[in-house]
Amino acid sequence: MEKTFEPKIVGFLCKWCSYAGADLAGTSRMKYPPNLNAMRVNCSGRIDPSFVLRALASGADGVLIAGCHPGDCHYTNGNVKTLRRFRLLQRMLDQFGIERERVRLEWISASEGERYARVVRGMTEEIRSLGPLNWKTTMEVAA
Amino acid sequence: MQSYLYFPGCTLRTVAKDYDASAKACARALGFELKEMQGWLCCGAVLSNVEDNLMTRAGPNRILARAQQESDRLVTLCAGCYNVLKRTDLRAKLASPAQQSINTFNEDSYNGRVDVVHFLEILRDQVGFDAIEKAVKAPLKGVRVGAYYGCLLLRPFEEMKFDDPNRPSILENLLMRLGCTPIDYPARTDCCGSYLSVGSSENSQPMSATIVKSAHSCGARLLTVGCPLCKYNLESSQIPRAKNASAEKFLPVVYFTQLLGLALGLRPEELELDMQQMQAIREAQIPTSEGRDRH
Amino acid sequence: MKRVGLFVCHCGLNIARTVDIKDIVEKTSKRSDIVFAADHKYLCSEPGQALIKDSIRQHKLDAIVVAACSPAMHEATFKTIAQLSGLNKYNCEIANIREQSSWVHDDPQKATEKAHIIVSEAIEKVKLNEPLQPITVPVTRKVLIIGGGIAGIRASLDVANAGYQVYLVEKSGSIGGRMAQLSETFPTLDCAICILGPLMVEVYRHPNIKLLRLSQVEEVRGYIGNFKVKVRQEPEYVDVAKCNACGECAKVCPADVPNEFDFGLTWRKAIYTPFAQAVPPAYVLDAKNCLGLLPQACGECKKACDQLGTACMNLDAWPQTHELEVGAIIVATGYELYDATKLTEYGYGTCPDVMTSIEFERMLSASGPTLGEIRRPSDGRVPREIVFIQCAGQREPETALPYCSKICCMYTARHAMMFREKVPEGQAYVFYMDIRAGGKGYEEFVKRCQEERGLLYLRGRVAKVYEENGKLIVKGVDTISGKRVQINADLVVLAVGMIPSAGSKELASTLKASLDANGFFSEAHPKLRPLESPTAGIYLAGAGQAPKDIPETVAQASGAAAKALDLLSSPTLEREPTVAQVLETCSGCGICIPLCPYEALTLNANTNQAEVSEALCEGCGTCVASCPSSSLSLRNLTDQQILAMIEAIVA
């Protein structure tokens with residue numbers, strides 16, 4: 001029997017909102033698939049779009065960037081800058097022929113545990129249906 | 001000769017021919033032309049502005065789509081048509097799904113590329129009130145006239161942006177240049193009752209009567225408007241005259257284009273002014289002791 | 001190579017039930033970068049902590065990873081243990097295998113696999129962490145308070161009484177602010193100036209408070225604990241110390257000026273005292289309205305003063321710049337009222353008998369334009385019918401202010417009540433949308449006013465106010481009866497909204513403090529941090545932050561003072577060292593500079609490279625992500641660390 005494809009998703013969660021939201025999902029014992037591994041950063045603004053590309057190039061099938069809702073950023077407006085970079089990143093992904101659904105930017109507040117769980121579930125299934133990215137077979141990668 | 005694309009609307013072709021004729025006469029006297037657009041249709045009046053029925057907006061969109069073929073500016077005279085077309089244009093500029101539906105339904109798409117302006121804006125911005133003042137040949141010798149704005153020129157303010165919604169002054173500014181003494185009175189932006197006069201005139205009559213009374217008590221002896229429906233309501237609220245105390249209280253209503261034409265030296269026949277109206281205009285020049293003259 | 005140790009917590013069964021602890025310990029100890037690995041039932045307990053301490057000592061560990069619950073829970077605990085064991089606290093990382101694994105996954109195998117990855121991430125990070133020391137900055141133990149209203153007064157007294165130096169900067173010639181302009185205060189009907197006066201005097205006499213009147217903050221540099229402020233003081237033509245407020249100068253002054261204290265309802269001279277109880281109790285020369293000082297056109301005031309022997313005037317005075325060093329700044333700039341002429345439907349400005357609430361307040365005041373009698377401005381007659389319009393130009397997002405100013409329902413009740421008291425045969429109508437009386441004793445007060453004084457409250461709005469035959473025709477609606485209402489009033493009072501004081505925008509930019517959408521000073525968090533600006537070292541008090549009444553203002557002022565005192569309580573300040581740093585590859589392109597919300601980045605004109613003020617930097621990393629040449633790095637969350645963690649995830 002063929003093994004079901006298990007996508008590998010890298011998550012960047014901002015410590016003030018999204019990571020706390022993820023923690024809340026945990027405290028509330030919500031269940032979601034284990035395909036997403038989260039990394040805690042101070043602010044979603046820390047995320048250089050090249051991290052996303054690196055993650056995809058290294059074997060990730062999808063990337064989630066999660067930050068505070070606009071207006072709520074602990075550092076005033078880091079999330080706004082993330083949004084701007086994300087839009088440009090999306091255009092790059094189009095040019096590479098990578099489906100936009102693989103890279104998501106979500107606003108998740110510290111009280112939105114349910115939302116976090118839903119996003120992880122939704123994203124896992126969506127990328128599962130898209131299939132593995134197979135970066136190395138779709139393009140040359142400089143070491 | 002400078003030519004502006006013009007949308008007359010139904011009323012100016014029928015009941016308000018005098019408004020249309022006087023405006024065209026003024027235009028000629030001031031050196032420009034109102035060129036009627038091709039293929040115009042009824043704008044639908046205020047009913048076209050309803051939000052929940054896209055069908056009503058198909059007509060005005062079609063008008064603007066056709067106007068777009070000829071010019072990027074459309075001039076209107078009737079306040080009702082102005083209100084409808086301007087707001088239709090604003091909604092079209094938003095490029096919403098609703099607009100897409102309308103464009104799909106109409107054969108000609110409209111995407112918000114026509115500026116809808118009122119004749120007064122042409123007079124103020126293109127010709128200029130200074131130029132008009134210079135062109136005045138027969139100043140109106142202090143005619144005590146109350147400018148009545150009504151609703152549709154001014155409201156809703158965020159969309160119309162025509163003038164200050166509570167204290168507008170464009171008409172008074174023009175009238176002063178013509179030599180008139182414009183009278184300020186509190187009810188000049190109150191509603192005349194609009195279409196209520198068709199089905200329930202018992203509601204609209206008192207509204208119009210209040211306006212007439214307010215203007216009269218402040219010293220106005222003439223009213224001037226930019227909307228055929230306002231004119232009808234204001235006039236009909238004063239009939240039967242038997243209800244009014246005396247004939248003195250009767251305030252005739254003329255279009256501002258007719259006063260403009262007179263000041264420019266045009267003959268009453270060109271402006272479709274009748275004898276009674278001319279008589280009232282002459283009498284309005286005499287200062288009165290009644291009320292406070294506020295201008 | 002760091003000697004890294006791993007400690008895995010069972011957390012009772014919270015983790016152990018799903019994650020195979022033994023597996024984690026076994027497999028991880030096989031890593032070449034791990035020197036020691038152990039597990040414990042409750043690492044946060046005393047025995048658990050002892051295990052960590054002992055293991056560090058025994059195995060000479062340089063760094064530890066604690067695989068347990070969320071860092072939000074015990075990161076501080078474990079970092080402290082690390083420190084107590086001789087490690088730098090940044091050599092301790094937490095791997096959250098509870099909230100991120102055991103609690104959210106049912107399948108033990110998958111949960112364990114994921115826990116491995118989480119632990120791996122933490123190990124990669126801790127290996128590259130620098131042993132940072134907190135950034136210590138000295139603290140100047142002085143406080144600058146901007147604004148001399150009740151908020152500034154209260155905060156000044158609190159800080160000064162605690163033993164610290166306060167500079168109180170006030171724009172006008174006297175402290176007291178809006179409260180000094182009030183007649184009474186709700187709900188107690190205390191005489192406003194009677195309760196305020198003693199506090200004003202206390203400020204003036206306090207040895208720790210330096211009052212700078214006629215002054216404004218011009219420039220602020222530095223950062224929390226170390227602000228360098230330039231304050232510009234208008235020329236003191238009158239020597240505050242010598243003036244005894246005899247008033248002889250004003251008697252001979254020929255220049256008449258509308259008195260701003262009474263909103264133009266009375267006149268003053270160019271040399272004047274702001275109000276009878278002004279503090280400092282010295283006259284002020286209004287140079288703009290004086291007939292002329294350069295060259296001197298009149299000089300009668302000085303002559304009169306000299307003749308008396310007091311000789312306290314110097315007409316050749318110049319503005320002064322005070323350079324102050326302070327550790328904390330409290331912004332207490334207060335409010336003014338929305339310009340009612342914009343509310344064209346109410347006729348303010350064209351009908352003389354339409355007044356704003358604060359003008360009516362002055363009229364009520366015993367020291368006001370009519371010595372407390374209520375009169376119509378047009379003809380001086382006593383009004384019989386007064387209409388009060390609440391929410392004038394407020395709660396109207398389309399045309400005026402979108403918010404509610406909180407105090408108007410209360411003072412309108414007071415106004416209407418006072419009117420009925422003074423004019424028993426009069427009738428007061430109040431048009432309202434809601435009655436907001438949430439404070440202590442407020443609801444009872446409003447009810448009392450309504451019932452005892454027979455006030456007519458009409459729930460509805462006013463469409464139009466215009467003049468006719470000497471009366472004000474007020475056209476409104478009563479939504480409860482569903483009828484339109486017309487009142488032929490003698491006087492109309494508009495309860496207009498509170499807006500931030502003039503100059504708030506400029507001050508915010510000088511302080512680098514942010515303003516909210518309505519121009520009020522923003523707080524760091526609307527719920528949990530209402531007294532601090534997001535800019536470190538700047539605190540907020542009073543209506544300058546949002547519309548509020550006097551008890552709230554006083555509470556906030558004392559709170560802000562407490563925050564400032566907390567800052568001043570030690571001679572140095574520790575800041576988190578996980579800040580941005582500029583690497584030598586910086587080419588000075590300047591892309592990062594405008595991105596910092598704290599303005600911690602500047603371009604050094606000499607080196608042509610970016611510079612980070614470590615005291616201002618909050619460590620968000622937004623600038624780091626923007627640098628095209630990777631010349632910015634975030635300490636202990638470097639690009640290298642993030643990439644290593646990514647590898648740990650996808651391997």
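The model is predicted, and the values below are computed from it. Chain C takes part in both interfaces, burying about 3,500 Å² with chain A and about 770 Å² with chain B.

**Interface of chain C and chain A**

- The contact involves 41 residues from chain C and 42 residues from chain A, and carbon and sulfur atoms account for 57% of the area of about 3,500 Å² that the two chains bury between them.
- On the chain C side, the residues that lose the most area to chain A are Gln100(C), Trp103(C) and Val650(C), which together make up 16% of what that side buries.
- Two salt bridges are counted between chain C and chain A; one of them joins Asp639(C) to Arg46(A), with the closest N and O atoms 2.7 Å apart.
- The rule also finds 15 residue pairs in polar contact across this interface, with both residues of each pair at pLDDT 80 or more.
- Five elements of chain C give two or more residues to the side that touches chain A, namely helix H3 (71–84), helix H4 (98–102), helix H5 (108–128), helix H15 (622–626) and helix H16 (639–650).
- The largest share of that side comes from H16(C), which supplies eight residues.
- By class, the side of chain C that touches chain A holds 21 nonpolar, 10 polar and 10 charged residues.

**Interface of chain B and chain C**

- Here 10 residues of chain B are in contact with eight residues of chain C, and of the buried area of about 770 Å², carbon and sulfur atoms give 44%.
- One salt bridge is found across the interface of chain B and chain C; Asp190(B) forms a salt bridge with Lys464(C), in which the closest N and O atoms are 2.7 Å apart.
- Four residue pairs are in polar contact between chain B and chain C, again with both residues at pLDDT 80 or more.
- The side of chain B that touches chain C consists of five charged, three polar and two nonpolar residues.

**An open sheet in chain C**

- Three strands of chain C form an open sheet in the order E11-E12-E17, with antiparallel pairing.
- Strand E11 (215–223) and strand E17 (320–326) are the edge strands, each pairing on one side only, and the twist from one strand to the next averages 20°.
- Strand E12 (residues 226–233) pairs with E17(C) in the antiparallel sense over seven bridges, and Gln233(C) stands opposite Gln320(C) of E17(C).

Notes
Residues numbered from 1 in each chain as written. Chains lettered and ligands numbered in written order. Predicted model: local features only at pLDDT ≥ 70, side-chain atom pairs only at ≥ 80, totals over all residues. Heavy atoms only, no water. Contact = heavy atoms within 4.5 Å. Buried area = accessible area lost by both parts, 1.4 Å probe. Salt bridge = Lys/Arg side-chain N within 4 Å of Asp/Glu carboxyl O. Polar contact = N/O pair within 3.5 Å; in protein donor to acceptor, adjacent residues only side chain to side chain. Nonpolar A, V, L, I, M, F, W, Y, C, P; charged D, E, K, R; others polar. Pairing = 2+ DSSP bridges. Helix = DSSP H or I, 4+ residues; strand = E, 2+ residues; numbered from the N terminus. Axes fitted to C-alpha atoms, helices over the stretch in contact; angles between N-to-C directions.
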